[in-house]
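This briefing describes selected features of the structure shown below.

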Amino acid sequence: MRRIVAPFALLLASTACTSMSGEMPLSTATPEPMVSPILTGPEAFDKLTYAQPQIARVTHVALDLALDFEGQGIGGTATLDVLARDDAREIVLDSNGLRIASVTDAAGRDLPFTVGEAVAEGGKGAPLTITMGDARTIRIRYAAPEDAEALQWLSPEQTAGGEYPFLFSQGQAILNRSWIPTQDSPGIRQTWEARITAPKPLDVVMSGVRQGEPEDLGDGRRAFRFVMDKPVPPYLIAIAAGDIDFRALGPRSGVWAEPSVIERAAREVGDTEAMIAAAEDLYGEYRWGRYDMIVLPPAFPYGGMENPVMTFLTPTFIAGDRSNNGLVAHELAHSWSGNLVTNAVWGDGWLNEGVTSYFENRIVEEVYGKKRAEQEAALAFANIEETLAEVGRDAPGTALHNDGSGELIGSAIAYDKGHFFMRTVERIVGRERFDAWLRQWFDNHAFEPATSALLLADMQENLVRSPAEAERLMLREWIFEPGLPSNVARPDPAAFAAVDSAVDTYASNGTIPAGWNGWTAAERMRFLDNIPKDRSAAQLAELDRQLNLSGTGNNEIRFLWLELALANRYEPAVPQAEEFLARVGRAKFVRPLFAVLMGEGEWGQPIARRIYAQTRDSYHAVTRAGVDRVLGIAG
């Protein structure tokens, strides 16, 4: 990617005058902004930030930024409101490659600053230390680096429409410090607002509430304004811009997508209002106002990202039958578990993902029925068992809580083990008591950070009724010890009884299930994931012929088919994989398929390297990093 030295000055200049007075208001979000507490115990110490929030912390961020699609850059100003001790004279922010032009106070007086030495690995970046003196408002003029990890700039050819470029951000876990100068820690919640200018006719959406219609600036650009008046962890500040249209789904929900995708997207997420109502019935009011979504181009590295009021979604979930809408339920559930109550450190990420996975399953049960919910839970449990079999039941990374230096061993722990912890507690104490406890957890810790220790203490105080019940629950073992406790509430084996029987029949005599067309997506995934992995070319061809696996519109099933076929060096699957890997950037699919190819030695490795040479630049930094490791490419 070419350097953008010249556009740096352009980006700064283009946001220098943002109102009739020449200055952007420091805060329009609310006269009395909500300020969240900071947890100061050792279990809440965040190793991945340079911030010292107990001395000086950011409470509000006001962004005034210009998008430069030609130079692929973002720049302008960030105005920070600071809450600090009376004797505090410095504030430390996080920065990863930000080019700082100046730092001033509210009156425009220069403030000294230094950018420390960067940590090469892990994306921690460098400390930005500002000598603020008595100032409690700081304005930073800056530009993001041309290779900002949080941002992905797509050429028109990488979009569905093929006519206009596209931009999206992905901030979790610590990527937002590559385009926003702030304290980038989940435990330091901040309100924010933004004014973003972009070239016409592109639209801009953010994870804040849009303020009115865009303003035509008369120079081929428009300005968009957004406000998030509730304090959020900074990784949830998100932006997307491109040729996108909107469809309303209900009085408080809607979906954005490229014009050629919008109708399919709107049909796929048509149950959103029912999901919101089900979630509110379970665990209380939806507190964010609107719930909108944007279906991004396929380069987006995740299934979804729970950015408040604007969930980001991969188009790979669109199957035409809403069979993958557990993804929508999951991101919606984050509006309570994750966005409302957030892990203070990433070592407690299961507090977001595990609780949300449980909540997702409850929404699915309410909207789609108990059978589907039980089947999807059984698939999740199989993920836990597969992971533990691979890494060992005593592997330290299989505890829900870790030391905070990184993520757990795969999603099967944070998501699925966390889900089954909640499920087990519910089974032991009863659904009515458990739901009352979880609702009060959300209510009493709303807009606050949390830790594993805090949740354990809350359970012990507000849920557990006796020492005997505490012993049955095994709470501490679930959270702090590896493996799977003996009291786990295993899924009902009847959920997949017919499918498992079909698997046994196929394994013994090769009979392909006649009822495939009537099966749910979960049943099809269960079958493909459990049949014998060693298949001949003739057997694979017969599977594909009878089940139309290579022609499925469900990307979850297509992935399982390609994984099986490539592991058996099935040549007809190679062009299918090439097309799939060129079209899809979702890390969940991309990294494992490259890993399968690399595991096939002299047959698969040349194929993997050839495909990756063609696709690498189209992947988000998150996906690239994972595949680079698989292929042994140095960072």
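The points below are grouped by topic. The model is predicted: local features need pLDDT of at least 70, side-chain atom pairs count only at pLDDT 80 or more, and totals for chains, interfaces and linings use all residues. Residues are numbered from 1 along each chain as its sequence is written, and side-chain values use heavy atoms, with hydrogens and water left out.

**Nonpolar cores**

- A nonpolar core is a set of buried (under 20% relative accessible area, 1.4 Å probe, protein chains only) Ala, Val, Leu, Ile, Met, Phe, Trp, Tyr and Cys residues joined through side-chain atoms within 4.5 Å.
- The largest nonpolar core has 119 residues, of which Trp179 and Phe421 touch the most other members.
- Helix α7 (residues 411-429) supplies the largest share of this core, eight residues; helices are DSSP runs of H or I with at least four residues, and strands are E runs of at least two, numbered from the N terminus.
- A second, separate core of 50 residues includes Ala521, Phe559, Leu560 and Tyr619.

**An open sheet**

- Three strands form an open sheet in the order β3-β6-β5, with antiparallel pairing; strands pair if DSSP finds at least two bridges between them.
- β3 (90-95) and β5 (113-115) are the edge strands, each with a single partner strand, so one side of each lacks a neighbour in the sheet.
- Six bridges join β3 to β6 (residues 126-131), and Asp94 has Pro127 in β6 as its bridge partner.

**Asp544**

- Asp544 lies in helix α14 (residues 537-547).
- Asp544 is buried yet has no salt bridge (a side-chain nitrogen of Lys or Arg within 4 Å of a carboxyl oxygen of Asp or Glu).
- The nearest side chain of opposite charge to Asp544, Arg558, is 8.3 Å away.

How values were computed:
Lys, Arg positive; Asp, Glu negative; His and termini not counted.
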